[in-house]
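Subject: Structure for you to look at

Hello,

Please open the structure below and keep it in view while you read. My notes on what was found follow it.

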Amino acid sequence: MSEEASFLEVIYGSGETAYLNLNCQICHLYDQLARLCAISSDNKVELATPEGKFIHLTNHQSSTQQAVSLLTNRTVMVPVVLTKEPEIEVISTPAPSRPSSTRSNSARSRKKDEEDGVFVIGEIRYRMVPFLDSEVLFTRFPNFEMQLSGKGGSGNKRTTSRRLSRQSSMLKSRSRSGAGITPA
């Protein structure tokens, strides 16, 4: 009897396809995915379903468990690059006269970050950008909306086509200049 091959189909770049072996350790799969996306050591790579739900591969990137224990065989995934944002120096300012204005400014700041695809993981801010051309992404995966699972299992959807298009353009310009993220 022959055993069925376990693999993951990854659609990336301008629509290229890579098949990654799921019969290896998660740490090796993560390394292969990072090489595929040509990310620097400061950045991370995540996998998202065609609907945009994250697998949270970064939480297991050092695991020696078999990748098939985390990922479903023969599924299609989109890599999402998590680019480390520069640290912002906080300048001390006098406290506002109304405490509620602090909350609303903070909420506005968080909302703007989320709309721009910036999220905090641990203490570090990351910008999340699908590593797939925006036209290909929306043609092939029309229901794609990045979703970070929050507490209680509720998904936080954080995507607009205009933002993804802008971020895809940023990736293209970085790859043309030879800096940043380029497909392997």
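The structure holds three salt bridges; a salt bridge here is a side-chain nitrogen of Lys or Arg within 4 Å of a carboxyl oxygen of Asp or Glu. Side chains of opposite charge can pair when their charged atoms come close.

Before the details, a note on the source. This is a predicted model, in which local features need pLDDT of at least 70 and side-chain atom pairs count only at pLDDT 80 or more, while totals for chains, interfaces and linings use all residues. Residues are numbered from 1 along each chain as its sequence is written, and side-chain values use heavy atoms, with hydrogens and water left out.

Salt bridges

Helices (H or I, at least four residues) and strands (E, at least two) are DSSP runs, numbered from the N terminus. Glu 4 is exposed at 52% relative accessibility, and Arg 74 is partly exposed at 44%. For these words, buried means under 20% relative accessible area, exposed over 50%, and partly exposed in between (1.4 Å probe, protein chains only).

Glu 9 and Arg 140 also meet in a salt bridge, at 3.6 Å from N to O. Glu 9 is in strand S1 and Arg 140 in helix H3 (residues 134-140), so to speak distant parts of the chain, 131 residues apart. Glu 9 counts as buried at 16% relative accessibility, whereas Arg 140 is partly exposed at 41%.

Glu 85 forms a salt bridge with Arg 127, and their closest N and O atoms are 3.2 Å apart. This pair links the loop between S4 and helix H2 (99-115), where Glu 85 sits, to strand S6 (residues 124-130), which holds Arg 127; the two are 42 residues apart. Both Glu 85 and Arg 127 are buried.

Cysteines

How many disulfides does a search of the whole structure find? It finds zero, a disulfide being a pair of cysteine sulfur atoms within 2.5 Å. For Cys 24, the nearest cysteine sulfur is that of Cys 27, 7.9 Å away. Cys 24 is buried, with a relative accessible area of 18%, and Cys 27 is buried too, at 14%.

Strands S3 and S4

Strand S3 (residues 44-48) has four of its five residues buried, so the rest of the structure largely encloses it. S3 pairs with strand S4 (residues 76-84) in the antiparallel sense over five bridges; two strands pair if DSSP finds at least two bridges between them. The bridge partner of Glu 46 in S4 is Val 80.

The chain as a whole

The protein chain has four helices and eight strands, and along the sequence they follow the pattern β-β-α-β-β-α-β-β-α-β-β-α. Of its 184 residues, 38% are buried. Among contacts (heavy atoms within 4.5 Å) between residues at least 6 apart in sequence, 67% join residues at least 24 apart. The accessible surface of the chain comes to about 11,000 Å², with 49% of it belonging to carbon and sulfur atoms; areas come from the Shrake-Rupley method with a 1.4 Å probe, and for residues only the protein chains shown count as cover.

Regards
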